[in-house]
Structure formats: C-alpha cells, structure tokens
Amino acid sequence: MYPAQFDYRRAGSVDEALGLLQEHEDAKLMAGGHSLIPMMKLRLAQPPVVIDIGRLDELKGISEAGGGVRVGALTTHADIAASDILAASCPVLAEAAGHIGDAQVRNRGTIGGNIAHADPGSDLPPVLVLLGASVHLQSPSGARSVAAADFFQDLLMTDVGEDEILTHVDVPARNAGAGAAYLKFEHPASGYAVVGAAASVTVQHGRCTAAGLVVGGVGAVPTAVDVSSLIGADLSDDAIATAASGLDTEDPLGDIFASGDYRVHVGKVYGKRALAAARDRA
Amino acid sequence: MAGVLGTSIKRREDPALITGRGKYTDDLLVEGMAHAAIVRSPYAHARIRGIDTSAAKTYPGVVAVLTARDVAAAGIPGMVPVGWLLPDLKTPAHPMIAADTVRHVGDAVAVVVAEDRYVARDAAERVAVDYEPLDAVADVVAALEDGAPAVHDDAPGNVAFDWEIGEKDPVDAAFAQAAHTVELDLRNNRLIPHAIEPRAALASYDSSTGVMTIHMTSQNPHVHRLLMTLASLGMPEHKVRIVAPEVGGGFGSKIHHYADEAIVGLCSLKLDRPVKWTATRTETNLTDAHGRDHSTHCAMAFDGDGRITGLRVDTKAAMGAYLSTFAPAVPTYLYGTLMSGQYDIPAIHCHVTGVFTHTAPVDAYRGAGRPEATFVVERLMHLAGEATGLGPIEVRKRNFVPADAFPYQTQVALAYDSGNYGPAMDRALEMIGYDDLCREQASRRGNGNGNGRRQMGIGFSSYIEACGLAPSAVVGSLGAQAGQWESADVRVHPTGSVTVYTGSSSHGQGHETTFSQIVADRLGVAPEAVEVIHGDTDLVQFGMGTYGSRSAAVGGSAIAGSVDKIIEKGKKIAAHLLEAAAEDLEYEDGSFRVAGSPDRALGLGDVALQAYLAHNYPDDLEPGLSATTFYDPANFTYPFGTHVCVVEVDTETGSIELLRYAAVDDVGNVINPMIVDGQLHGGLAQGIGQALWENAVYDDSGQLVSGSLMDYALPKIHNLIPFELDRTTTPCPHNPLGVKGVGEAGAIASPPAVVNAVVDALKPFGVTHIDMPLTPEKVWRAVNAD
Amino acid sequence: MTVSIQLEVNGKPVQAEVEPRRLLVHFLREDLGLTGANIGCETSLCGACTILVDGSAVKSCTMLAAQADGAAVTTIEGLARNGELHPLQDGFWEKHGLQCGYCTPGMILSANYLLEQNPSPSDEEIREGLKGNICRCTGYHNIVEAVKYAAERMS
C-alpha cells in the first residue's frame, strides 16, 4: 500500500528521458503508472528512481501513418477504445483495449506501459501479434523496431533494452475483406484475461485468403496458432474448430482459478469462437 | 405517527455519506497522531528464535517498536479471549503479540509506531525476525489425520471440540428402513468477509485523565470494550471508551475482538499519544476472521411416500489457529440446530468436530452456521427430488412443517414459533414462471442428444433461519459468555422531541432511519423529531451490537419497550394535569386524551415540559420523561422463504450465467421496505458470490494464495443481475413489533439455490454435485467426467 | 526529496511539497483533509478511491500526487454545487444505492464519468461502466437504479 522511497524525475522530452535512463541505474520509466505503481505499492518493485514520461505529448495519440496506424506509447486504453481512426482501420485493437480492466484503468493505463509490462493476461499483446504490429524503441544510439511476435519474450519479459524507451506501435492497415475479433475469458477477480483469443479472417470473392489466430493467457507469451488450413476452405464451423484445435503450448500457465489443461481447452474454444466471429465480420 | 411503519422513507444516514462527510475510522486525523504498522509472520507455523528491532528503532521517524516482551513488561493480560465455551472446549492461549510461536500467516510479532504511515511501513520491513519454520497444516481434513502438525500442544489431534445434537439411534433406524436415501460429501468453501473498509483503530490514551478512547471499526463497541479491558489491556472498563464512527460494512468480521486493535491500544498507552492503525487489504484478509470452511458428510432417509425419516450430518469445521470471539458457537448452536430446515424431520443427528488449522481464525460471517446448514439440507432435498421421483417442488412441499403445526418443536432444540411455508414457495413459482422455464429447459435438453451447448437449470432453496439469538439464560446455558438482550434508552426532551440511545450499533444497515420509524409510529411523532445515538460506549448504556440479524427484532423491541414505558408514565402526568384518572387516558397520534372527552387532551410536548418542570405534578412520580429497557427475547425469530435461481451453463467451457433470481421471503412485519430489500440484495450477492466465485485458498504450506482482490473474486456489478423480490408476512408472535430480521436471509438461502440450478442444468451429463465455488473449470470437469 | 506540485482541487488552487512516493489518495485524504475518497484495496480493483482528474475517472490509489501536478481534480466533496446535491447523489439517496457508504464516493464519481460519456446508458452499459467499483453491501441492484434515476434527471 505504501511504495518505498524513490527519487522522481519528470522528463520533458524523449531525449531527456533517455538521458535520465542512462544517468540512473535501475531507474524505471513510468507512463500511466498502472503497471508500475501497483507493483511498487506491494513493494514488489522498489526502483531507486522513477522517470515520469507521462507528459511527453510526442508519444501520445493515434494517427494514420504509412498506410497503417501509428499508436503512440502514451496513448491510453480509453483513447484506443474510442478512436475513430482505429474503428475504421483496425477495430479489433479498439475492441481489445475496451476489454482492459475497467473505465478508470483505461483512463490512465497506456499501450506502451501495458506491453512493456507484458502481463500474460493482458488483452493487447495477442491482438498486436495477430495484426503483425511493430513496436518501436528508441535508445541514445538510435531507433529500431521489432515485430510484436518477437517483442514478447517471456513472462513479464520483453525486448525493451535497459537504455530504451518504447515510443510507438505501428499497426498495418487491414486487408480488404478482413474481419477480426477479440474474445476474452475474463478472470472474475483480477479482470485480466484467463484466455484472450484474437482472430482474423480475410475473405475475397467468397474464399478465405488469409487467417490468423493468436491466443493470450495460455502461455507466457501470446501463442500463435497455425490456422493456414482455413485458407481456401469454406470456413464452416467444423473447419474453424479443427483449425483452432491446433493450439498447443508446451508449458501452459495455471493458477488456482484455471489449470494449464483447462486454459488450453478454453483457448481452443475461444479461438474457435473468435475465428467464427471474425468470419462473420469479414 | 400513522403510516410511518412499513414505509420506504429515505435514509437519514445518507446525506453525509453521499457528500464525503461521513467519517470512518481512518478519516479521523487528530493532533499528535502517530501511525502503527504491525509486523506479521510470513510463515504459517514457526518458532521465533529472536527479534532484532534495532534497525527499525533507529530508522528516522520511528517512535517505538514493541514486541511480546513489551506486552509482558506492561503487566497487562495481553490476551485475545474466546467468548463462547462448549463442554470440553480446548482454549489454547492467544497472545496479542506472539512470543515464541506463530500459528498463521499474519500472526502479529511486533509493532512499529512512527510519525508517518509510510515510515512505519518502511521500518516494519527492518524488524528482523529469526524464524525457525515448522510444518503446518491448513486443511481441515488433513489437520485431523494422524501425524498432522499440531497447532497447539494443548489440543491433541488438533481437535478443539467434539459436539453433537439430536439422537443417533433413531436416525440409524430410519436409514435401516428407508425406501430412498440420498447422501453427499461436500466442502463449504472458506470465505473472506471483505467489508470494503479494512479494519482500523485510533487509540488515544491521555495519562492526565487515565482515559483511553479507541475509535475503531466495530459492530459492537461495548463487547469490544469488555473484552479489550478484561483480557487484553487490563484497564478498568470505566476508563475505556470505544467509539464506532461510520463503519464501512462488517458482515460479522467487525464483531470479533482481534489482537490488532489491542496492540494499537497498548501503543497509545505506552506512548501517551494517539496512535492509528489501518489495515491494508492484505492485512485485513490475513487477519479478519474468515467464514465457513467445513467438510461434511450428510445423508437423508425417506419412506416410500417421499417423507423424510432421518437426517445424518457429520462435519469437520475449521477454527483456524486460535478460537475467535464466537467461533465455537458458529458450527454448533448456529448450525446443528438449523438442520430441520422447513421440514418435519422425525430424527436428526448432527456431529461436529472443531479443528485447529494453521490459518486465520474462522468465526461468524453473514449467516454464520445457518448458510452451512441450509446448504446441507437444501442440497439433499434437491437430490431427494431426483431419488424419490417427486421433483424439487413436491418433495419439499410434502415435507414442509404444516402451517397448523406451529409452534413446532424440531429434533435439534429449536422451537419454531411461527411459519407458513407453502405460500412463499407458490409465490416464487408464480414469479419465476416455472412451467415456461421447464418447457424451455426441455427444449434445450432435446437439442443434440440432450447435450446442447447452453443448458438451463432451475434451482430451489427453501430456507429457515434463526435470528436474534435468545434468550440470554438459554444461550448462557449453551456456553455464551455474554447475554443476548439489547438495550434502549429513550428520552423525550422538554419540547417533545426524542433521542434514542441504542446498544445496537449500525454499520450500514440504516438503524437511525428504521429506529426513528419505530419511535415515530409508536409515539406518534414525526420521524424527524427522533434522533438515534449509537456506537459510543460513553454515550450509550451497555448494548450487544449488531449481528445475527438481531437489530430490529431485539434492538427495535427494546426501543418499543421504552416508548411504551414513556407512554405509561406520560399518562400519569397527563391524568394529573387533566384531572382525570390515568386508566381513563388514551394515547393516540402524539396526544394524551381522556377517553370519551376528545377536547380534554394534551400533546406529548406539553406533558414532557411538565415532566421536566415538575411544578404541577403527581406526588408519587419522579420528574423527567425517559425510559430504559433491556429487552431479552423469549425465543429466536424464524424468517423463512423460497428462492429460485435460473442459470445457463456453457457446457463447452463450464461458464455459468445467471439468468433470473427470484426470492420470496417472510421476515415478519416490515419497518422500511426499501431497507429490507436492500439487505436482501446484499445478502444475495454474498451468497451467490460464495456459490460462484469466492474462495479463500491456503496452499499446503499455509500461505493464503487468494488473499488479494487479484485472486479472491468478489461479486462485481457486471456479473450480477437484478433480483426479483416479494414477501409473505407472518409476524413474529413473541416480540412487540412482529419483526424477525433480514440481514442474513439472502446469504443463507442463495448458495444452494445457485448450486441446485447448476446441477439441474447438468442433469443430462449425470452431474449430481460440484463443490463451491462453481468455477468454470470445475463445471467443465464435471461435465466431462467419466 | 520532495516534489513541488500545483493543482486545482474542487475548483481551488492547491500548492504543496510532496514526497515522490506519496499516493494521490493519501495527499487528498491526509494533506488536504478530503477524506471522501476511501481506500479499500491495494490492487487497483475496488474503486473506492475513484476521483475525477481532468474530468476522467481514475483510481487515486494508483496515481502519485506528483503525477497530478497541473491537473484539475474533483472529489466527492466537490460534486454538490451551491449546496445542491448532484443528481447522482440524489439518485443514490432516493434509490437506496448505498448502505455502509464506503464505496459510495468512488461509485458516484465513476457513475458521473459514465454519464458524461453516455448520458442515457442501458442497464447493461451501467453495469459494464461501473465494473471498476466494488460494493459489498447492496448487491448493486439499487446502484443501477440510482444511476438510471440520475440519468433521467440529467437529460
């Protein structure tokens, strides 16, 4: 309930934040604080220095960029859920953001903070992996981008280096004829996803030309399911169920609410339902 | 004032609470206040080899660090007592601060007092305790096994008590001759009360007066004062004042006397300054007395007509690491005595073993014993509906105690004073549209070989509860170390307005509103002319507090008694003033009138003024117009009702969706329907929560793994549905108001209604039982069991 | 170290030096004496500490006072205007939307935010919109009624 003592630095620019990060070993970046502050209150995190980047307007907002959509790292879940741009070009991301926590959490929590924390029950990671989003990181030595599929490395571990700041996420434009859906099996206590299934299906001229399924909550990182069997198929319920049943995780997560076996089972069911919903939206 | 009773007047408590002006304990900010942080055991069972407080003591801002040595040095009793004794009960010592052994995660080992609450927590982390971890046992069944780690050396086999009620031989005979039997092994899941306000205390000792004032989260300030002075602090009772300011819910958890509040008192006593402690959610969940936690085998026997011939119950009930205030009473006198339910059962035997475990203590939580009993009876009745072929309605109706059989003596001590069970069930069936639901269910079962994905189930619960534990002499003979009456001092002021001092201390129930309605109705004044004072041991005469759905039936009756005394006295004064005989006076609508002479009348205010002037006054009468009553009820009250739950189960994932919930309750006369409905709503949410979501889980090492809201699922708004309520009214025959109590009914009735509904939905899959909470995984596994 | 902050609380300017670790809820409750926002958990789930920051509902237990620098904060104490209850306060009173009252300030401010976003929500939207606030007393039935009551009067 009471964070340990720390020094507080507020960055006025990305460059200043990068400088502070270099200056202070073990410093933590704070965006909305909705992943970090709860950990600090329980003293599970005790950073000596917190660098507040919450006011960097350059990292906020949703814009069309390069045929896709750019979402600044400090964009709140509420803004993502309500974005007209995303509603038009990538509604599944808005849909997933609308499932995060509750209204208050969505008002403060940011996409950057969320994915940098990489909770396996978070709603955004499977969607970003599904969409083939790229995560952009900046360090004093320059900028780089990494595919969402490679960004999430393990439980609460990402590709963000100690000297790097996550600046934005780029989401490619959706294909014509594509439908996508995110379905969440919510933990009744935490509100996190026990299982979150993100699926997309593209139908052109009555045929499925592309399909994807990524399931969160089952493994330490989002689990992509090979649903290529659907390409060229009739997208019947049976074909979808067969494709979703390919979900496989070697070492599924489990807790007192849902065991690993059960999570895999629900992952398949929700995968199937998400694919069906995506088909119906295609 | 006519029309006040039975009316939904808005609560007078609310203006402060909706504007943020209500002051809860942690809201109290006083000059010179220091903050306490309690150092707690991270182990379920360990020996304390030593405690090094030096780093904490020298941490900037720290005022003091106290351990068990300081308790001893203070020369105070330093204990946390148990307030209900059973025959042969083992009562191991429960020190305020553990001296050599800790027995559950959260057991207090030291306390840090600092100028700031953040600093207190910093320093608490710097108290170095050298623990020798010992084997622990958290499970109620495992604790009874041979070789289980002992929680207390003076409680062999971890048995706290061995208790029974009813007669075994007739039950055995009934089973030997039964046409049908049903049986069940079940767990009644352990719950954490979760008042949203965590426990807190602000102790202010003033050495110049020798008075200790403790503001704390209490459901019963006088009981807390008694136990605090007698067993913990050893101060004279008249030098301790306990105040319950606004209290943010309790549900039982704030009845009990805990170590923590006593520790804060000790800190203030030693430092001669105010000290505040406010539990974090984690702390309060580790130390609040939990609820339920039973392992039970039960069975019911029936004759060929589907009439119950016998009931057998054997329960292992967790007590936790120490005996909490009323803990021994909960799985015994509040459980075994309820086993007859609404039914005429000729033979009942209930055996209960109280078991120590390395966990937080278990004590009264909303319903306290009665939900557990109702769960046993109503789950068995559901199975009986299947086994006898009578179905859930007919098997119940056939066994209801008939309306003309009251008063009805059960085989488990209680004598039901009144009841009429059939109409409540009929009304519930009508509200829910039972026949249509059955058709819908049949059509879903017909879908795909009876295994359609979304199955619907309908579950019933016809419950009885016993409210207002009473009378004192009886509960005393059963081991209570307290009376079970309630007090009320009603004072009519010289201008005719009224102040009520009630021992029934509210923590969200709206006593100020309902009690003012009782006075307004009986005394013929406006409710606004009545002030209600509670929750302060200096202001109010000794009282027992609020729990067990007792406040209206016992506290309200005490108020009614005082009002009646005032009217009697007022008649004597008015008779004197009107030069009439007191016997000829009537009291109506706030006026004393001479019968037959309507113009010869005096208002209450006129009489009150004369009572205080005492100028023109009867010779044989004392001045003043107030009365005190200590009301000791003749019996419990017996609310009852039938609840129906309708669920949809996604058999593919095991997820449950609530579709409908209808409840018909008979709580006797109703003072404020809005408040009564609100109590039911809240109780239903908690009972449904127990059935579907809530679970206090300890792992094998005794760590509480669902101690935060990240893992312990409270009912949330988006997971609940609107409740459909109605009432029948069978007034209580033995109290002046005819009221029975409503605080716990929802939590008592609803768990079996929900579980019966889910089991009913899964009938095509051969499912007969799933232990609460009915998590999706458990349901899915039951559906897919071979 | 301390951080200087300037903010507006219930329309009044406030200036303070705070420890970086000081949570906004403690700053409001203990430093400003605005004890309406309550603390019911430490995992950002109960919502009892909900306030409005620049018009948005946030959990003040999951925000540093330092983060509120420059913000306009509204607490339950600032909701009634000119001595007149806000329709939501009225609704909670009228419909018995509270019992112990501990969750109520947060619940009302969350509902206020909900109605700002969606002036005439359905029952389901009310239940979805308030899922970040836990009440242990009411079973939520009358909270939904209270919000509907207020929505009607505010429209």
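1. **A bridge between chains B and A.** In this predicted model, the side chains of B:Glu125 and A:Arg43 form a salt bridge, with N and O 3.4 Å apart. The pair crosses between chains. B:Glu125 lies in the loop between helix H4 (117-124) and strand S6 (128-133) of chain B. A:Arg43 lies in the loop between helix H2 (36-41) and strand S3 (49-52) of chain A. So both partners are loop residues, given a cut-off of 4 Å for the bridge itself. Over all chains, the whole structure holds 75 salt bridges.

2. **Chain A, overall form.** Chain A has eleven helices and 14 strands. Its C-alpha trace spans about 60 × 45 × 30 Å along the principal axes. The radius of gyration of chain A is 19 Å. A compact globule of 282 residues would come near 19 Å, so the value for chain A agrees with that rule.

3. **Chain C, overall form.** Chain C has five helices and five strands. From the N terminus on, the order is β-β-α-β-β-β-α-α-α-α. The C-alpha trace of chain C spans about 45 × 30 × 25 Å along its principal axes. Its radius of gyration is 15 Å. For 155 residues, the compact-globule value is near 15 Å, so chain C agrees as well.

4. **Chain C against chain B: extent.** Here 47 residues of chain C are in contact with 56 residues of chain B. The buried area is about 4,600 Å². Carbon and sulfur atoms give 58% of that area. On the side of chain C, the residues that lose the most area to chain B are C:Trp93, C:Arg127 and C:Arg136. Together these three make up 19% of what that side buries.

5. **Chain C against chain B: polar terms.** Six salt bridges are counted between chain C and chain B. C:Glu30 forms a salt bridge with B:Arg117, and their closest N and O atoms are 2.5 Å apart. The polar contacts between chain C and chain B come to 28 residue pairs, both residues at pLDDT 80 or more.

6. **Chain C against chain B: what supplies the surface.** Five helices of chain C give two or more residues each to the side that touches chain B. They are H1 (24-31), H2 (87-94), H3 (104-117), H4 (123-129) and H5 (141-154). By class, that side divides into 20 nonpolar, 16 polar and eleven charged residues.

7. **Chain C against chain A: extent.** The contact takes 32 residues from chain C and 32 residues from chain A. About 2,600 Å² is buried between chain C and chain A. Carbon and sulfur atoms give 57% of it. In chain C, the largest losses of area to chain A fall on C:Arg21, C:Glu42 and C:Gln67. Together they account for 24% of what that side buries.

8. **Chain C against chain A: polar terms and elements.** Three salt bridges cross the interface of chain C and chain A. The side chains of A:Glu186 and C:Lys131 meet in a salt bridge at 2.8 Å, N to O. The interface of chain C and chain A also has 15 residue pairs in polar contact, both residues at pLDDT 80 or more. Strand S4 (56-59) and H3 of chain C each supply at least two residues of the side that touches chain A. S4 of chain C gives the most, with four residues. By class, this side of chain C has 15 nonpolar, eleven polar and six charged residues.

9. **Domains of chain B.** Chain B is divided into three parts: domain 1 (14-134 + 196-249 + 254-287), domain 2 (368-467 + 635-783) and domain 3 (485-631). The centres of domain 1 and domain 2 of chain B, over C-alpha atoms, are separated by 38 Å. Eight residues of domain 1 and seven residues of domain 2 make the contact.

10. **Domain 1 against domain 2 of chain B.** The area buried between these two domains of chain B is about 550 Å². Carbon and sulfur atoms give 54% of it. The salt-bridge count between domain 1 and domain 2 of chain B is zero. Two residue pairs are in polar contact across this interface, both residues at pLDDT 80 or more. The side of domain 1 that touches domain 2 of chain B has six nonpolar, two polar and no charged residues.

Methods:
Residues numbered from 1 in each chain as written. Chains lettered and ligands numbered in written order. Predicted model: local features only at pLDDT ≥ 70, side-chain atom pairs only at ≥ 80, totals over all residues. Heavy atoms only, no water. Contact = heavy atoms within 4.5 Å. Buried area = accessible area lost by both parts, 1.4 Å probe. Polar contact = N/O pair within 3.5 Å; in protein donor to acceptor, adjacent residues only side chain to side chain. Nonpolar A, V, L, I, M, F, W, Y, C, P; charged D, E, K, R; others polar. Domains from an automatic or database assignment. Rg over C-alpha atoms; globule rule 2.2 N^0.38 Å.
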